Amino acid sequence: MTQLSPQQLAEACAESMFSRDQASQQLGMKILSVNPGKAVLTMTVDNRMIQGHGACHGGYLFTLADSAFAFACNTYDLATVASGCSIEYVAPAKEGDQLTATAEERSRGSRTGVYDITITNQDGQTVALFRGKSYQVRGSVRRLEENA
């Protein structure tokens, strides 16, 4: 069996996870890139995502950031979940905006990690800042049946 490089492993984990991630798929998210400890996802704000003040509902922004966080912290083929997250809404996103969430690993220990995610719009304006704390559980990202 050929050993994968860290980059190949990160890509294989993302492909495997995305194939099962109905939430991200149904919202039209796309993975632009993935590297060990890093992921970049996009999502276009559509009319279903608009709240009563005419901006994108914060829950959709949180979901985009949370998905980028999940793909970043699962790049090592060690099943990892969120143990806590927080978000700061900086500017509104509007219908038609192309949002990009960039997740970057800040620290990673034997079972825990910290990741910062920045959401920007198509003009490069920061829309939200998200911090996720991860916790490694048992199993492989690519072999879901091992996680049971």
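Modeller: This is a predicted model. I begin with the largest pocket, which has a volume of about 180 Å³.

Colleague: Which residues lie nearest the centre of the largest pocket?

Modeller: They are Met17, Asp21, Asp66, Ser67 and Ala70, out of 14 lining residues. Helix H2 (22-26), H3 and strand E3 (80-89) each give two or more residues to the lining of this pocket. The largest share, six residues, comes from H3.

Colleague: How do the residues of the lining of the largest pocket divide?

Modeller: Seven are nonpolar, five are polar and two are charged.

Colleague: What makes a space a cavity and not a pocket?

Modeller: In a cavity a 1.4 Å probe fits but cannot get out, whereas a pocket is open. The search of the whole structure finds one cavity of 30 Å³ or more. The volume of the largest cavity is about 80 Å³. It has 14 lining residues, and Cys73, Thr80, Arg108, Arg111 and Gln136 are the closest to its centre. Strand E5 (112-120) and strand E6 (126-136) are the elements that give two or more residues to this lining. By type, the cavity lining holds five nonpolar, seven polar and two charged residues.

Colleague: Why is the pair of Phe69 and Tyr115 called tilted?

Modeller: A pair of aromatic rings is described by the distance of the centres and the angle of the planes. Rings pair if their centres lie within 6.5 Å, and planes under 30 degrees apart count as stacked, over 60 as edge-to-face and the rest as tilted. The centres of Phe69 and Tyr115 are 5.6 Å apart and the planes are at 55°, so this pair is tilted. Phe69 is in helix H3 (residues 58-73) and Tyr115 in strand E5, 46 residues apart, and the pair links distant parts of the chain.

Colleague: What makes Phe69 and Phe130 a tilted pair?

Modeller: Their ring centres are 6.0 Å apart and their planes are at 55°, so the pair is tilted as well. Phe130 lies in strand E6 and Phe69 in helix H3, so the pair ties together parts that are 61 residues apart in sequence. Phe69 and Phe130 are both buried, and Tyr115 is buried too. Ring pairs join Phe62, Phe69, Tyr115 and Phe130 into a cluster.

Colleague: How do you know that Arg108 sits over the ring of Tyr76?

Modeller: The distance limit for a charge over a ring is 6 Å from the ring centre. Arg108 is at 3.6 Å from the ring centre of Tyr76 and lies over its face.

Colleague: Why is strand E2 described as largely enclosed?

Modeller: Buried means under 20% relative accessible area. Five of the seven residues of strand E2 (residues 38-44) are buried, so the strand is largely enclosed by the rest of the structure.

Colleague: How do you know that E2 pairs with E1 and with E4?

Modeller: Two strands pair if there are at least two bridges between them. Strand E1 (residues 30-35) and E2 have five bridges, in the antiparallel sense. One of the bridges joins Val34 to Ala39 in E2. E2 and strand E4 (residues 98-108) have seven bridges, again antiparallel, and there Ala39 stands opposite Ala103. Each pairing therefore meets the requirement of at least two bridges.

Colleague: What lies between E1 and E2?

Modeller: Two residues lie between them in a hairpin, and Gly37 in the turn has a positive phi of about 80°.

How values were computed:
Residues numbered from 1 in each chain as written. Predicted model: local features only at pLDDT ≥ 70, side-chain atom pairs only at ≥ 80, totals over all residues. Heavy atoms only, no water. 1 Å grid on protein atoms, 1.4 Å probe; cavity = no way out; pocket = protein on both sides within 12 Å on 5 of 7 lines; lining within 4 Å. Points joined across faces, edges and corners; volume = space filled by probe spheres on them. Helix = DSSP H or I, 4+ residues; strand = E, 2+ residues; numbered from the N terminus. Nonpolar A, V, L, I, M, F, W, Y, C, P; charged D, E, K, R; others polar. Buried < 20%, exposed > 50% of the residue type's maximum accessible area, 1.4 Å probe, protein only. Lys NZ or Arg CZ within 6 Å of the ring centre and 35° of its normal.
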